[in-house]
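Please prepare a briefing on the structure shown below.

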Amino acid sequence: MPLSFMKTKKIVALDIGSFGLKLIELKPKKKGKEISYELLSMAYEPVPYQSIVEGSIMDSTAVADAIQHVFLESKTKTNSVSFGVSGSSVIVKRIDVQRLNPNEMHEHILWEARPHIPFTPEEVNIDYEIIESQDTPPDKVGVILAAVKKEKLNDYLNIIAISNKHAAIVDLDSFAVLNSVLSNYEMYRERSLAIINIGASITNVVIARGGYPVFVRDIAFGGNHFTDHIQKELNLKYEKAESVKKGRQVEGVSPAAVKQVVNLIFNELKNEIKKTFEFYRSNTNEGRIDNILLSGGTAKLESIIDYFSQEFDIPIEIINPFNEIEINPKKFDLDFLKDMAPIFNVVMGLALRAVGDAK
Ligand SMILES: Nc1ncnc2c1ncn2[C@@H]1O[C@H](COP(=O)(O)OP(=O)(O)OP(=O)(O)O)[C@@H](O)[C@H]1O
Ligand SMILES: [Mg+2]
């Protein structure tokens, strides 16, 4: 599915989030047919407030500086980057198309895709993946279409170029979270999963069945909404609101008052997710969801599992993207890794795909 710009041996994955940049580089290791991955480098760098707003780059200089910092911090020598996009400039649709000869399929899929993409072909880059699922009649094939607005892609390519790095692959954040889950939790491959990656400004919801995405939606809602409301309701500065949201004590602020605001905003998020599940169920004949898996910085919100459990009668878990990754404890701080794990889910998916893709 990811668009490749160049073939290169070494690729480092970079998640350009609006709250923070995450970098991961993996080393693939082959043992017979088995392939495992070792963590080569990882780093985190905060992004200055409002330099990226809902996936759009507002302050290129600040973001490019942060990119250079995260590379320095990671000590990687690799310059080729795999990155992800999400938000309103990304469209993902699942369609069924007539099964034709393999050499006719490419043109046929692009033609069939047209009415499903609300932009002109000149405005977007389109990619697709054919899925062989049991839900599709034998004369048809399931196709997952992904379209990214060129304007948005160009902004990201530009920021990578001014940071003196080379863009090698672009993927979707939502496909990356799924990829990370499937690589780290073999047992989930055959299940119907709802993966919810809650960032600062965007929540990616991916519903997958048998290892394939069947429904994807990016919701413009995330941790920023919690912070904004805490700021307004409790009359606090941004930094203090961020702090109390993360459960830290701040003089003069009552934890009960914070909890009340968090509750209120959580209800809004929960409703958005409920609507997404309902939409998915009304568009498919198989609406079952076996597990809900959470990641993203906002999944670190205290009591998040309790909040979700009150609404959904489905097992809920927070994902650890380092679950199956070999880590040298002499090189990495395991406590830091454990603490940051949910935040590194997107970038882990990008990194796994990048090494899988590299020739
Ligand atoms: N311990 C915590 N408790 C609550 N929220 C937290 C905690 N740690 C981080 N967050 C929140 O997580 C969000 C950042 O998460 P993440 O790094 O996944 O977002 P991002 O990828 O930078 O943003 P986006 O993808 O939405 O542009 C912020 O809103 C931050 O306040
Ligand atoms: Mg993100």
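In which strand is the place of V53? V53 belongs to strand β5, residues 52–53, where strands (E, at least two residues) and helices (H or I, at least four residues) are DSSP runs numbered from the N terminus. The model is predicted, so that local features need pLDDT of at least 70 and side-chain atom pairs count only at pLDDT 80 or more, while totals for chains, interfaces and linings use all residues. Residues are numbered from 1 along each chain as its sequence is written, chains are lettered from A and ligands numbered from 1 in the order in which they are written, and side-chain values use heavy atoms, with hydrogens and water left out.

**Ligand site**

- Ligand 1 sits in the largest pocket. A pocket is defined on a 1 Å grid over the protein atoms alone, as an open set of points with protein on both sides within 12 Å along at least five of seven lines; a molecule sits in it if more than half of its atoms lie within 2 Å of its grid points.
- Ligand 1 is surrounded by 20 residues, the closest being S18, F19, S201, E242 and K245; a residue counts as near if one of its heavy atoms lies within 4 Å.
- By class, this shell holds five nonpolar, 10 polar and five charged residues. Ala, Val, Leu, Ile, Met, Phe, Trp, Tyr, Cys and Pro are taken as nonpolar, Asp, Glu, Lys and Arg as charged, and the others, Gly among them, as polar.

**Polar contacts of the ligand**

- E242 places a polar side-chain atom 2.7 Å from an oxygen atom of ligand 1, a polar contact being a pair of N or O atoms within 3.5 Å.
- Polar backbone atoms also take part: one of G20 is 3.0 Å from an oxygen atom of ligand 1, and one of I202 is 3.0 Å from an oxygen atom of ligand 1.
- Of the 660 Å² of accessible area that ligand 1 has on its own, the protein covers 93%, with areas from the Shrake-Rupley method and a 1.4 Å probe.

**Buried and exposed residues**

- L23, in strand β3, counts as buried because its relative accessibility is 0%; buried means under 20% relative accessible area, exposed over 50%, and partly exposed in between (1.4 Å probe, protein chains only).
- V262 is found in helix α7, residues 255–282, and counts as buried because its relative accessibility is 7%.
- V53 is partly exposed, because its relative accessible area is 35%.
- K232 lies in helix α5 and counts as exposed because its relative accessibility is 63%.

**Loop residues with positive phi**

- K75 is a residue other than glycine with a positive phi, near 65°. Its place is in the loop between α1 (60–74) and β7 (80–85), and K75 is exposed because its relative accessible area is 67%.
- N235, also not a glycine, has a positive phi of about 55°. N235 lies in the loop between α5 and α6 and is exposed, because its relative accessible area is 72%.

**C-alpha separations**

- L23 and S201 are 178 residues apart along the chain, with their C-alpha atoms separated by 19 Å.
- V53 and E317 are 264 residues apart in sequence and 28 Å apart in space.
- V262 and L72 are 190 residues apart along the chain, and 36 Å separates their C-alpha atoms.
- K232 and E104 are 128 residues apart in sequence and 57 Å apart in space.

Key. Polar contact = N/O pair within 3.5 Å; in protein donor to acceptor, adjacent residues only side chain to side chain. 1 Å grid on protein atoms, 1.4 Å probe; cavity = no way out; pocket = protein on both sides within 12 Å on 5 of 7 lines; lining within 4 Å.
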